[in-house]
Amino acid sequence: MQVLLSRLSFFGASGNSVIENYRRSAKDVMCGLLPKSPTATSSRTASGLIWVSEWNSLQHLTAKLTCGGHSFEPSDLRKFAKSQADYVLGSNPLKMSLLVGYGDKYPQYVHHRGASIPVDGTTGCTDGFQWLNSTKPNPNVAVGALVGGSFLNETFVDSRNNTMQTEPTTYNSAVIVGLLSSLVTTSSAVKSFG
């Protein structure tokens, strides 16, 4: 949100102290994420994925920017964003997409009722536990669901009971949709930061 609001300065809202605060905050966040920035977080997996918490690690992914005297061009930001998307889509030590239904290998035990209960299943308040605890892969593929992600040591336990890693959320999905949408555009958004 701060990045979007900071872009208002490109449309004549410069000089507005509120907008400037958003711009400064967005810059600080980006400087903390870019791997070669002097203020970059060291909290990353060995393959470079930003890692903030073992609970749903993928929710923290996603202008010429100067961080501690080191300048980053729009192409650097795009390259970094692409590296995060590539990790999610399978360019990781697991060789597994964390986006359900994408690629040949993706989570099979997503913690999601719609994926784990057969279409013809009869459920009541407690009937879902038989499928939650089943050792069989989900009968339905939750195509497009982004699971919670790997741990800092880049392991992933594909189990319905491992909600930290296998539960898809709307806030993860929103981030990946935004990220992938940005990467497939004609780069006009990237050029606007130049």
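**View A. Helix H3 passes helix H7 in a left-handed crossing.** Left-handed means that the near helix is turned anticlockwise from the far one by less than a right angle. The model is predicted; local features need pLDDT of at least 70, side-chain atom pairs count only at pLDDT 80 or more, and totals for chains, interfaces and linings use all residues. Residues are numbered from 1 along each chain as its sequence is written, and side-chain values use heavy atoms, without hydrogens and water. H3 spans residues 74-88 and H7 residues 170-184. Helices are DSSP runs (H or I, at least four residues), as are strands (E, at least two), numbered from the N terminus.

**View B. H3 and H7 pack at an angle of about 125 degrees, with axes 10 Å apart.** Axes are lines fitted to C-alpha atoms over the stretch in contact, and angles run from 0 to 180 degrees between N-to-C directions. The two helices are therefore oblique to each other (under 35 degrees is roughly parallel, over 145 roughly antiparallel, 65 to 115 roughly perpendicular, the rest oblique).

**View C. Residues of H3 meet residues of H7.** Arg 78, Ala 81, Lys 82, Ala 85 and Val 88 lie on the H3 side. Their partners in H7 are Ile 176, Leu 179, Leu 180, Ser 182, Leu 183 and Val 184. Contact means heavy atoms within 4.5 Å. By class, this contact has 8 nonpolar, 1 polar and 2 charged residues (Ala, Val, Leu, Ile, Met, Phe, Trp, Tyr, Cys and Pro are nonpolar; Asp, Glu, Lys and Arg charged; the others, Gly among them, polar).
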